[in-house]
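Visitor: I would like to learn how to read cavities, strands and annotated sites in a model of this kind. Could you take me through them one at a time?

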Amino acid sequence: MPKLSPEARDRAAPPRRAVLGGLAGAIAAGAAIPASAQRDYGRNAPPARYPDADIVTLDRKRFTAPLGNSAIRRVATGYAWAEGPAWHATGRFWVWSDIPNDECLRMNEEDLSVHRRFRSPSGFSNGNTFDREGRQIAFRHYHRDVVRYEPDGRITVLAARGPDGPFNAPNDGVVHPADGSLWFTDPGYGALMNYEGQRVPEAANSPRPFIKEAIYRIDAQSGQVTKVADQPFKPNGLCFSPDYRRLYVADSGRSHYEEAKNIIWGFDVDGPRLTNARTFADMEYQGKSGFGDGLRCDEAGNVWVGAGWVGDGYDGVHVFAPDGQRIGLIRLPEICANLCFGGTRRNQLLMTASQSVYLLPVETRGAHFC
């Protein structure tokens, strides 16, 4: 989650007066306001009319995931900043983090019941994932480390430092099923503020608390931590392509670095290395540019990106085809930090968006097991 400086906030979102003025002008002109600005997600809200107007198809031939008779549902709310969702196929539940409240929550598939304090305290953990043995792995802001929860309740610290020194604050990660290696990002947001971690003295004069922000790999056999890339200014969410030959990484460095761009990076995966760093997709849409955060791939290789910090009509989920072209949009009334596919068939898209969690059935499947 990007912590915005005042200058970055001004760049990321239009002034409130301009937003209100634009809405007023649209009303006066009789123009349609984006549905997400008016939509009621409350308990007693009227049903949504199909097809859901907040699921926007930009390329009908390639964005085939939307269903004509499914709608976005808000399944939980009341959080401070919801992040890091992951699906546990054997247990048939999702987990996610509420970072400022220092807890990890669980939601069951069968009745969508939400259970608090699945992990509490959670170390202000951000991202979560599961390994091939079904063990939860968390990326903790407060302790600035990567941990695994064992079946007997113990916590194993997988990494607390890289080859250049202690981490800034690990953020998100994914497991490679072929060799069990763990790939993760270290943008350092958790060391910049107490709200989502523990502000360190070293952050007083630098957006880079300890070391250059980077992407790392933990070898499953030796436990060795290797830095595999540091081109992104602040590498955030990441995911593999369905064939594990590419790694996509969101760069939210614009929150602190003027020269950074709101892009999704693409890398080629060459065994334990990353090569051919490039821009996969640009987050600019209709003249506005926001942050990409969490990522997931579907079975067709499309990249689903949690996005926000712009406003209505942009915030939500942006979907990119394998060639980097935006093909669809899911508009939400809140900034979407992260997302994952889950459910028994992995065809339920769970979106952690600021204070709430949303669920949408889609006609595709997540490419990976969590």
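**Reading the largest cavity**

Guide: This is a predicted model, and we can begin with its largest cavity, which has 16 residues in its lining, with Thr-129, Val-174, Val-175, His-368 and Cys-370 lying nearest the centre.

Visitor: How much space lies in the largest cavity, and how many cavities of 30 Å³ or more does the count come to?

Guide: A cavity is a space where a 1.4 Å probe fits but cannot get out. In this model the count comes to 3 cavities of 30 Å³ or more, and the largest cavity holds about 150 Å³ of space.

Visitor: Which strands each supply at least two residues of that lining, and how does the lining divide by class?

Guide: Strand S3 (82-88), strand S7 (125-130), S13 and strand S17 (235-240) each supply at least two residues, and the largest share, 3 residues, comes from S13. By class, the lining of the largest cavity has 8 nonpolar, 6 polar and 2 charged residues.

Visitor: In what order do the strands of the open sheet with S13 run, and in which sense do they pair, parallel or antiparallel?

Guide: The order is S13-S14-S15-S16, an open sheet of 4 strands with antiparallel pairing. S13 and strand S16 (225-229) are the edge strands, each pairing on one side only, and the twist from one strand to the next averages 25 degrees. Between S13 and S14 the antiparallel pairing runs over 3 bridges; Val-175 has Leu-182, in S14, as its bridge partner, and Val-175 is also among the residues nearest the centre of the largest cavity.

Visitor: Turning to the annotations, where does UniProt place the feature "binding site"?

Guide: An annotation of this kind may be inferred rather than shown by experiment. The UniProt record, an unreviewed entry, places "binding site" at Asn-171 and Glu-196; these are spread over 26 residues of sequence but cluster in space, the largest C-alpha distance being 11.2 Å. Asn-171 lies in the loop between strand S12 (165-166) and strand S13 (173-175), whereas Glu-196 is found in the loop between strand S14 (182-186) and strand S15 (214-218).

Visitor: Why does Asn-171 count as buried?

Guide: Buried means a relative accessible area under 20%. Asn-171 counts as buried because its relative accessibility is 2%, and Glu-196 is likewise buried, with a relative accessible area of 0%.

Visitor: Which residue does the annotation "active site" cover?

Guide: In the UniProt record, again an unreviewed entry, "active site" covers Asp-293. Asp-293 has its place in strand S23 (residues 291-297), and because its relative accessible area is 5%, Asp-293 is buried.

Visitor: Is His-256 buried or partly exposed?

Guide: His-256, in the loop between strand S18 (246-251) and strand S19 (263-270), counts as partly exposed because its relative accessibility is 23%. The C-alpha atoms of His-256 and Pro-207 are separated by 6.4 Å, although these residues are 49 residues apart along the chain.

Visitor: Finally, how many residues line the second largest pocket, and how do they divide by class?

Guide: A pocket, in contrast to a cavity, is an open set of points. The second largest pocket, with about 340 Å³ of space, is lined by 18 residues, and Arg-39, Pro-46, Pro-47, Ala-48 and Ile-72 lie nearest its centre. The lining of the second largest pocket divides into 10 nonpolar, 1 polar and 7 charged residues.

Conventions:
Residues numbered from 1 in each chain as written. Predicted model: local features only at pLDDT ≥ 70, side-chain atom pairs only at ≥ 80, totals over all residues. Heavy atoms only, no water. 1 Å grid on protein atoms, 1.4 Å probe; cavity = no way out; pocket = protein on both sides within 12 Å on 5 of 7 lines; lining within 4 Å. Points joined across faces, edges and corners; volume = space filled by probe spheres on them. Nonpolar A, V, L, I, M, F, W, Y, C, P; charged D, E, K, R; others polar. Buried < 20%, exposed > 50% of the residue type's maximum accessible area, 1.4 Å probe, protein only. Pairing = 2+ DSSP bridges. Axes fitted to C-alpha atoms, helices over the stretch in contact; angles between N-to-C directions.
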